[in-house]
Amino acid sequence: MEGCAQKREPEQHSLLHTIARKADENRVPLEVHLELTYRCNAQCIHCYCVVPRGLEEPAKKRELTTDEITRLLDDLAEMGTLYLNFSGGEVFVRPDFFEIADHAKQRGFAFRVFTNGIGLTEERAHRLAALEPLTVELSIYSADPSVHDSITRVPGSFDRLVENVSRLKALGLRVYLKTVVMKPNLSGLEKLHQLGKDLDIFAHTYGCEMSPRIAGDIHAPGQYQLDEGELFIYLASPVWRKHLTPVAEAPTEEAARRHLVCAPASIGCCVDPYGNVFPCIALRVPMGNIREQPFRELWNSPLPSLQQFLTIETYADLPECRSCELVDFCRRCHGDNLFERGADWRSCHARARMAASAEHKLYQIRIREMEGASHE
């Protein structure tokens, strides 16, 4: 899940690790993900927060006003927040986006802007460059225009995206490309990777996680999720596969005790377009609403409903996980599992187990290859 502050793990002795540890100790919301709107000029097939066509106006009327957002930014600045993610929907459908972003700059935040690149114009690109965002991160799904456009459901979106990547780079902005790997685009990933190189972007990240939809049919994105065999194909590719990290041989429960789970609402949170505050993007357990209570109070007095999540520190605290042979490879998400299993969220996160199984299979193959090579 993009923007998830809780899942980031800086190197143990790095400055970022020290800052994160101090933020945790002093109850500082180091990074806040601001969903400015769920309205969008695309209708991506896998999106977790899409507003259907024809319902944009009612959604717009419910959104936080410019003044409400700038007051929130003032509160966050006073509390010590360093990083913001401006996300949607599509941020540029809000005509006040630049007013909001300029206020963030004046308050000294480092911020990232997430966009689909469809609505960027020459003028907007220049205004964005003047704000000096930390990164501009654009979603791209395929090097084949027809595949990309079939996923966004906007004809011509691929051409506009590529044009705007070049435009942003020419203005000196740090451009990230982000790809959700799913059934429709799995076969074209190597060409897409090459396109990123040809565009000379700063970074290109891939992920196969697909979150349930937060409104309507929560399971709709799941039909595009990779199955275990497809996950193995994705993980095994020499282009983007992760570096092999040896797993120490240990009894399962010992491995579970050393494997930390994410810590929602520890150093970050998510604020949706209507003022609701959540522990993270995926964990939609409301902490309250900034229209009813100041953010500082919500942050410093988490509701009892969150305690069930905060008491889970390692995989050993989860009954099924403590005895699972895949624990070293698992990246379960409390939020997604809550959506999928409700009150039974402590149980095995089936999608995380499927990904862990594919990664474990690949790990075993690589270990055998390394052992074979050492005997030659």
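**A walk through the chain**

The chain has 14 helices and 9 strands, where helices (H or I, at least four residues) and strands (E, at least two) are DSSP runs numbered from the N terminus. Its radius of gyration is 21 Å, close to the 21 Å from the globule rule for 376 residues, so the chain is as compact as a globular protein of that length. This radius is taken over C-alpha atoms, and the rule is 2.2 Å times the number of residues to the power 0.38.

The model is predicted: local features need pLDDT of at least 70, side-chain atom pairs count only at pLDDT 80 or more, and totals for chains, interfaces and linings use all residues. Residues are numbered from 1 along each chain as its sequence is written, and side-chain values use heavy atoms, leaving out hydrogens and water.

Along the principal axes, the C-alpha atoms fill a box of roughly 65 × 50 × 40 Å. Of the 376 residues, 52% are buried (under 20% relative accessible area, with a 1.4 Å probe and protein chains only).

The largest nonpolar core holds 86 residues, and L84, F86, F97 and F295 touch the most other members. Such a core is a set of buried Ala, Val, Leu, Ile, Met, Phe, Trp, Tyr and Cys residues joined through side-chain atoms within 4.5 Å. Leaving aside residues up to four places away in sequence, F295 touches P29, L72, D75, L76, M79, C269, V271, V277 and I290. Another core, of 22 residues, lies apart from the largest one; A42, C44, C47 and C49 are among its members.

Terms used:
Buried < 20%, exposed > 50% of the residue type's maximum accessible area, 1.4 Å probe, protein only. Contact = heavy atoms within 4.5 Å.
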